[in-house]
Every structure is written in C-alpha cells, then in structure tokens.
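I opened a new page for this one and went through it piece by piece. My notes follow, in the order that I looked things up.

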Amino acid sequence: MTFFPTAQYIARGSRKRRRSHIVPIMLGCALTAGAIVLIAYLLWPTWGAGASSSPARLPVSIGATVFNVPTAAIRMKIQRHSGPQERVDLSFAFPSLEPPDAPKHVSADTVEETMQPIDRIFLSIAAHHDALAPDTRVRTIYPRYLEQASTLVQDGLTMRAFRDGTPYSNEDLFFANSPNLSARCTRDAATPGMCLSERRIDAADLTFRFPRSWLAQWRGVANAMDRLTAQLQGPRG
C-alpha cells in the first residue's frame with residue numbers, strides 16, 4: 001500500500017530537480033547572449049558607409065616620371081597604390097574633371113534601360129620605353145596614310161580622312177592650333193565613334209579617349225586635357 005505514495009514522491013522530486021537544473025541553464029544562456037551583444041557593440045565599426053581611409057591623391061611614378069593621381073579616379077583597384085607602376089588607368093567626369101561617381105549595379109535585365117551617354121574622359125598613363133613620340137607619329141607616320149584633301153569642320157578645327165586599306169581606315173584625323181589638339185577618331189557606326197589623343201610627359205605617354213561627338217565643343221575638350229595634364233604632374237624639379 002505504500003508503493004504509490006512513494007512513487008508519487010519520487011516523481012515530484014525528479015520534477016523539482018529538473019526545474020532546479022533548468023533555471024541555472026537559462027540564466028547562463030541569458031548571460032552569454034548579453035555578453036555577445038556587448039562585444040558586438042564594442043567591436044562594431046564606427047565609420048560611415050561613405051568614409052574611406054585612402055588618401056585623396058597618390059604619388060605614382062610611371063617610367064620614372066611622378067604623377068599626383070586622384071585615388072577615386074583610378075579605374076582598377078590593383079593600381080590604387082603609390083610608388084612605381086608601369087601603367088595607370090583613370091577616368092574623369094566631363095566637364096567638371098572630378099573623379100566620377102561609383103557605377104551603379106546593373107543586372108542583365110536592366111542593362112539596356114540603364115545605358116547612359118558617356119560623360120567622362122578616359123586617360124591611360126604608361127611608360128613609353130623610348131617608343132616613337134606621339135607628336136612625331138602625327139608628323140611623320142600619319143601623313144603616309146591620309147587623304148590629300150582636308151575639311152574645315154568648324155572654326156579652327158580641321159579634319160583629314162585616312163585612306164581605305166590603310167592601318168587607320170575608317171578613321172579620321174582632327175587637328176587644331178589654338179588651343180592645340182590632335183585626335184585620331186573612329187567613325188560612327190554600330191557604336192558611336194571614339195577619339196584618341198596622345199601626348200608625352202618625360203618618360204610617360206598620356207592617352208586620352210573621349211566620344212567623337214564632343215568635337216562639337218573641341219576647344220572645351222582640348223582645354224580639359226591641358227588642365228588634367230597640369231593637375232596630374234608631380235612636383236617639378
């Protein structure tokens with residue numbers, strides 16, 4: 001007759017022991033979670049999303065010629081460091097000549113909807129290793145392939161077409177003296193024509209690229225290239 005009361009007493013004791021074990025476990029979990037939250041709060045970065053630890057400009061040596069390059073204008077992350085480099089690729093908004101805004105994310109579904117006109121000048125600075133100078137190429141190489149006739153495009157700007165069958169077929173040469181401009185441009189086709197203008201600074205060649213349509217404001221483009229060249233040159237000895 002004493003079996004059932006004893007069993008009930010044992011069951012009640014087991015439940016009490018389980019409850020006495022659960023309470024410390026729950027307290028331990030709560031303390032652990034609180035510690036994790038505190039550590040995360042203390043270690044969470046405090047800088048803003050737009051802040052950057054990179055310097056605004058980098059001194060870059062290309063072919064032993066020093067250029068003072070805006071960090072945000074460098075197109076390739078691997079080139080964003082100071083010191084000697086073989087080549088640096090840059091882009092600048094036109095006409096402000098400020099580093100362009102970061103590109104927005106474009107998916108395959110929205111690429112056609114988000115295509116915008118080119119609004120920047122692209123610039124590559126590379127060591128020339130004693131290759132033929134750009135101005136020498138304009139004077140001695142290009143004339144071999146140009147048509148004899150020239151066309152006055154607008155006040156001060158002249159065009160000569162390259163002959164078909166030459167290395168520069170489907171291109172035209174534009175030149176002017178005040179301000180100075182020399183640009184080799186592809187013709188508009190399935191894609192808009194682009195222009196290439198080169199100049200040499202000591203041991204480096206600067207290659208500018210911009211849309212052919214900008215030649216409608218060629219003086220502004222020529223002045224922009226002059227300004228960028230002056231801004232990028234490092235301290236002169």
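This is a predicted model: local features need pLDDT of at least 70, side-chain atom pairs count only at pLDDT 80 or more; totals for chains, interfaces and linings use all residues.

I started with Asp130, which sits in the loop between strand 5 and helix 3. Residues are numbered from 1 along each chain as its sequence is written, and side-chain values use heavy atoms, with hydrogens and water left out.

Asp130 is not a glycine, yet its phi is positive, about 65 degrees. Is Asp130 buried or exposed? Asp130 is exposed, at a relative accessible area of 73%. My cut-offs: buried is under 20% relative accessible area, exposed is over 50%, and partly exposed is in between (1.4 Å probe, protein chains only).

I then checked His129, which also has a positive phi, about 50 degrees, without being a glycine. His129 lies in the loop between strand 5 (120–127) and helix 3 (134–141). With 58% relative accessibility, His129 counts as exposed.

I looked for cis peptide bonds too. One runs from Phe94 to Pro95, with omega near 15 degrees. Pro95 is in the loop between strand 4 (87–93) and helix 2 (111–114). Another cis bond joins Ser178 and Pro179, with omega about 0 degrees. Pro179 belongs to the loop between strand 8 (171–177) and strand 9. I wrote these down because most residues other than glycine have a negative phi, and most peptide bonds are trans.

**The overall count**

I counted up the secondary structure next: 4 helices and 11 strands. Of the 237 residues in the protein, 32% are buried. I also looked at contacts (heavy atoms within 4.5 Å). Among those between residues at least 6 apart in sequence, 50% join residues at least 24 apart.

**The disulfide**

How many disulfides does a search of the whole structure find? It finds 1, where a disulfide is a pair of cysteine sulfur atoms within 2.5 Å. The disulfide joins Cys185 to Cys195, with S to S at 2.0 Å. Cys185 is in strand 9 (residues 180–186) and Cys195 in strand 10 (residues 194–201), so the link ties together parts that are 10 residues apart in sequence. The link of Cys185 and Cys195 is right-handed, with 110 degrees about the S-S bond. Cys185 is buried at 0% relative accessibility, and Cys195 is buried at 2%.

**Cores**

I moved inside. Nonpolar side chains tend to be buried together in soluble globular proteins. By a nonpolar core I mean a set of buried Ala, Val, Leu, Ile, Met, Phe, Trp, Tyr and Cys residues joined through side-chain atoms within 4.5 Å. The largest has 38 residues, and those with the most contacts inside it are Phe67, Leu90, Ile125, Leu181 and Leu215. Helix 4 gives the most to this core, with 7 residues. A second, separate core has 6 residues, among them Ile141, Tyr142, Leu146 and Phe162.

I followed up on Leu215. Leaving out residues up to four places away in sequence, Leu215 touches Gln154, Leu157, Phe174, Leu181, Cys185, Cys195 and Phe210.

**Helix 4**

Which residues of helix 4 are buried? I found Trp218, Val221, Ala222, Ala224, Met225, Leu228, Thr229 and Leu232 buried there. They cover an arc of only 160 degrees around the axis, so they are on the same side of helix 4; the arc is that of the directions from the helix axis to the C-beta atoms.

**Aromatic rings**

I finished with the rings, and the structure holds 6 aromatic pairs. Rings of Phe, Tyr and Trp (its six-membered ring) pair if their centres lie within 6.5 Å; planes under 30 degrees apart count as stacked, over 60 as edge-to-face and the rest as tilted. Phe162 and Tyr168 have ring centres 5.0 Å apart and planes at 40 degrees, so this pair is tilted. Phe162 is buried at 1% relative accessibility, and Tyr168 is buried at 15%. Tyr142, Tyr145, Phe162 and Tyr168 form one aromatic cluster.

Note on methods. Helices (H or I, at least four residues) and strands (E, at least two) are DSSP runs, numbered from the N terminus.
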